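Please look at the sequence and the 3D structure before reading on.

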Amino acid sequence: MQDRPLLNRRLEGFSTTIFAEMSALAARTGAINLGQGFPDTDGPAQIAEAAARAVMDGRGNQYPPGQGVPELRQAVAEHQRRWYGLSFDPDGEVLVTAGATEAIAASMLALLEPGDEVIAFEPFYDSYAACIAMAGAERVPLTLRAPDFRPDLDALADAIGPRTRLLLLNSPHNPTGMVLTREELTAIAELAVARDLLVVTDEVYEHLAYDREHLPLSALPGMRERTVSISSAAKTFSFTGWKVGWLTASAELVAAVRTAKQFLTYVNAGPFQYAVAEALRLPEGYFAELRADLRAKRDLLSAGLADAGFEVYRPQGTYFVTTDIAPLGERDGFAFCRALPERCGLVAVPNAVFYDDPDAGRTQVRFAFCKRKDVLEAAVDRLGGL
Ligand SMILES: Cc1ncc(COP(=O)(O)O)c(C=O)c1O
């Protein structure tokens, strides 16, 4: 064996995710798992049936086209028009990916050179740091601070330097639940145009904004030609295991990202792509019901956490609620989360894993509320035992 570490230096420190550790802890202890963000109920039966039908009808069982099946690309383009008034050519401006995760990875690998800087708001979703690292680029975190986690736009302007290539944005934001306002998006767009930056937007929670509407950055002046907008079927349709995602962008940006994507998975989830095309065309009532259901669950779990003594940062979007455990006399989210299954039969995630600056989120803990109502009621009951 050669005398050097097997894992390359770029991936040092990324070996295990907290979600695997916490989900294993939940399985071992029988605790209710409010750690990882997956629903405990599948999406609409008619969409599951559409997937089964596609398999049985022999649609998508062999390699689908590299950019995604035409039905899904068309449905994505229609979705962008129906919800946001944006028009994208399904033939050159839409790319289907293996979840949002691959869209993010392919975008970073395609658009970055070693030494480029990427600005992202921390806490950030865990794949961002790893994908930026795999591309050999450097991340520049800007910290969103409690209690409202609004972005500091002056700090953003100051952080942009000669090596800044790209902004990587996520709204509605996991884990804080922050949803960017029109004013914030406008200011970010003006900076991107003035400083000639590319922007990649992770909008997987686009239909889970409760207190204000989600607005895609690419709708703002000057942004269409510089923005890659990413979403996925995971959160909107409660099929996280299907790994069907997509992105919309200019033909030039799509061509660049597709170049990287074709050597990652080439294609995936053939039959599921037909089913997701059908899902994207569901009537507005489906989306309204999903949002109303999760809003009620947000309120249920938030109230339970507040009653148990947590400081609760009420999320404006996503299906996560970030809390602070300092009022409980706790100092460390990791220790708290590792002990929580024993103490009251619950699993949560320490937000410190989402920060480069470990002190910034040391006492924050995230709970997912994309679970059945009876499960959340049981969780609230157990919180009473703290
Ligand atoms: C912010 C964010 N982006 C991307 C993803 C991954 O999406 P997908 O399952 O479609 O790859 C998640 C899943 O938790 C997420 O929270």
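The report below covers the ligand site, the pocket, the cavities and some backbone features.

This is a predicted model, in which local features need pLDDT of at least 70, side-chain atom pairs count only at pLDDT 80 or more, and totals for chains, interfaces and linings use all residues. Residues are numbered from 1 along each chain as its sequence is written, and side-chain values use heavy atoms, with hydrogens and water left out.

## The ligand and its shell

The ligand is surrounded by 13 residues. T101, D202, Y205, S232 and K243 are the closest. A residue counts as near if one of its heavy atoms lies within 4 Å of the molecule. By class, this shell holds 5 nonpolar, 5 polar and 3 charged residues. Ala, Val, Leu, Ile, Met, Phe, Trp, Tyr, Cys and Pro count as nonpolar, Asp, Glu, Lys and Arg as charged, and the others, Gly among them, as polar.

Which elements give two or more residues to the shell? They are α4 (99-111) and α8 (233-237). α4 gives the most, with 3 residues. Helices (H or I, at least four residues) and strands (E, at least two) are DSSP runs, numbered from the N terminus.

K243 also stands out in its backbone. Its phi is positive, about 50 degrees, although K243 is not a glycine. K243 lies in the loop between α8 and β8 (244-248).

## The largest pocket

The ligand sits in the largest pocket; that is, more than half of its atoms lie within 2 Å of the pocket's grid points. On a 1 Å grid over the protein atoms alone, a pocket is an open set with protein on both sides within 12 Å along at least five of seven lines, a cavity is a set of points where a 1.4 Å probe fits but cannot get out, and lining residues have an atom within 4 Å of a point.

The largest pocket holds about 1100 Å³ of space. Of its 44 lining residues, T17, F19, Y125, D126 and S127 are the closest to its centre. α5 (126-134) gives the most to this lining, with 6 residues. The lining has 25 nonpolar, 12 polar and 7 charged residues.

## The cavities

The structure holds 3 cavities of 30 Å³ or more. A volume is the space filled by probe spheres set on the grid points, which are joined across faces, edges and corners. The largest cavity has about 70 Å³. Its lining includes L169, D202 and H214. β5 (164-170) and β6 (198-202) each give it two or more residues.

The second largest cavity has about 50 Å³. F121, Y128 and M178 are among its lining residues. β5 gives the largest share of this lining, 3 residues. This lining has 7 nonpolar, 2 polar and no charged residues.

## Cis peptide bonds

The bond from E122 to P123 is cis, with omega near 0 degrees. P123 is in the loop between β3 (117-122) and α5. The bond from A146 to P147 is also cis, with omega near 5 degrees. P147 lies in the loop between β4 (138-143) and α6 (153-159).
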